[in-house]
Amino acid sequence: MSDRGILSSLRYLFADVIGEDDDTPPFLPEGLPEAIVPIASDAIHMLVEYQGTSYAQLYVDRLKRFVGRRGFDDAVFAEVARLMAARMSYEDPIRIAQLTLATLEDRPGVPAPVNEVGKFRIDELIGALPAIVAEPVLDTLEWLGWLRLPVSIRFSTANRWGIRRLKIEAGLRRWRLFSVRYTKERAWVERWLHMIDRSLTKQPAATPAIVQTATMITGYGDSYRQGMADWSAIIDGLAKPTFDGVLALSDLGGAVAEARATVLPDPRQVALKRKIAEIRARVPAEPNAA
């Protein structure tokens, strides 16, 4: 991640935690194409609800990197705006509690109670806590071999206790930006944006495919971890070496699509790794020309 990205994230983190956030949503970037305005506006309001106005400002600042960028058409920019908002509002127990509570307000009359169970791994739950608390617990769980231990959490509006518990869970929002999970998500978004930026410079035709790789990562639990691992395999095996000049892929976008077509829910990534190796074997390696 770039120094600028780190400093921006830290600035908005501390603004949220020490209470300097206000209720005024950030303005859209100047020069933002008209086609992007409704997508970005919806994203800003959603991210204010998700984490606060300073967090929504981080989204705006990230969008600014591409305003006026040559070769960046509106359709691709719209996808960046949409997918970035989705990843910045990643699902954790805090978010699920927020969305469950929202059903009490969104439905007219007396809403039908929500009574759902989320299946997490224990390291995922601990990772939603501030790092200063989570890291020693995670180290202990790793030593015990319990990181993958499944844990089920009920999200219910069926009674007062369930609603009260949801409010407590949603109230942990203020500490989300100190969490282990947020650190990983912040780094992922910055790397994704960096890959898009490099694609625009090195292989503009591949940019839509790089943008769409964000759809590989969704939800939580095992599917989330699988998506993150598959994304990293494709970026590290195909995109980065192409941008670095060590892999002469003339059609990176096609190669990314080909690799994605082999993705399976396989923690060993056998088919994906085989396909990446096959694609790399088709082209000659070149000396590092980065």
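## Terms and model

For the classes used below, Ala, Val, Leu, Ile, Met, Phe, Trp, Tyr, Cys and Pro count as nonpolar, Asp, Glu, Lys and Arg as charged, and the others, Gly among them, as polar.

This is a predicted model, where local features need pLDDT of at least 70, side-chain atom pairs count only at pLDDT 80 or more, and totals for chains, interfaces and linings use all residues. Residues are numbered from 1 along each chain as its sequence is written, and side-chain values use heavy atoms, with hydrogens and water left out.

## The cavities

Two cavities of 30 Å³ or more turn up in a search of the whole structure. On a 1 Å grid over the protein atoms alone, a cavity is a set of points where a 1.4 Å probe fits but cannot get out, and lining residues have an atom within 4 Å of a point. Grid points are joined across faces, edges and corners, and a volume is the space filled by probe spheres set on the points.

The second largest cavity has a volume of about 30 Å³. Its lining has five nonpolar, two polar and two charged residues; among them are D230, T262 and Q269. Helix α13 gives the most to this lining, with three residues (helices are DSSP runs of H or I, at least four residues, numbered from the N terminus).

The largest cavity holds about 40 Å³ of space. Its lining divides into five nonpolar, no polar and four charged residues, including Y55, R62, E185 and Y182. The largest share, four residues, comes from α9.

## The nonpolar cores

A nonpolar core is a set of buried Ala, Val, Leu, Ile, Met, Phe, Trp, Tyr and Cys residues joined through side-chain atoms within 4.5 Å. Buried means under 20% relative accessible area (1.4 Å probe, protein chains only).

The largest core has 60 residues, and Y59, W192, I196, L238 and L252 have the most contacts inside it. Among the elements that give two or more residues to this core are α3 (53-64), α9 (180-202) and α11 (221-244). A second, separate core of nine residues includes L101, L125, L166 and A170.

## The aromatic rings

Rings of Phe, Tyr and Trp (its six-membered ring) pair if their centres lie within 6.5 Å; planes under 30 degrees apart count as stacked, over 60 as edge-to-face and the rest as tilted. The count comes to eleven aromatic pairs. Y50 and Y55 are stacked, 5.9 Å centre to centre with 25 degrees between the planes, and both are buried.

Ring pairs link Y50, Y55, Y90 and Y182 into a cluster.

Conventions:
Buried < 20%, exposed > 50% of the residue type's maximum accessible area, 1.4 Å probe, protein only. 1 Å grid on protein atoms, 1.4 Å probe; cavity = no way out; pocket = protein on both sides within 12 Å on 5 of 7 lines; lining within 4 Å.
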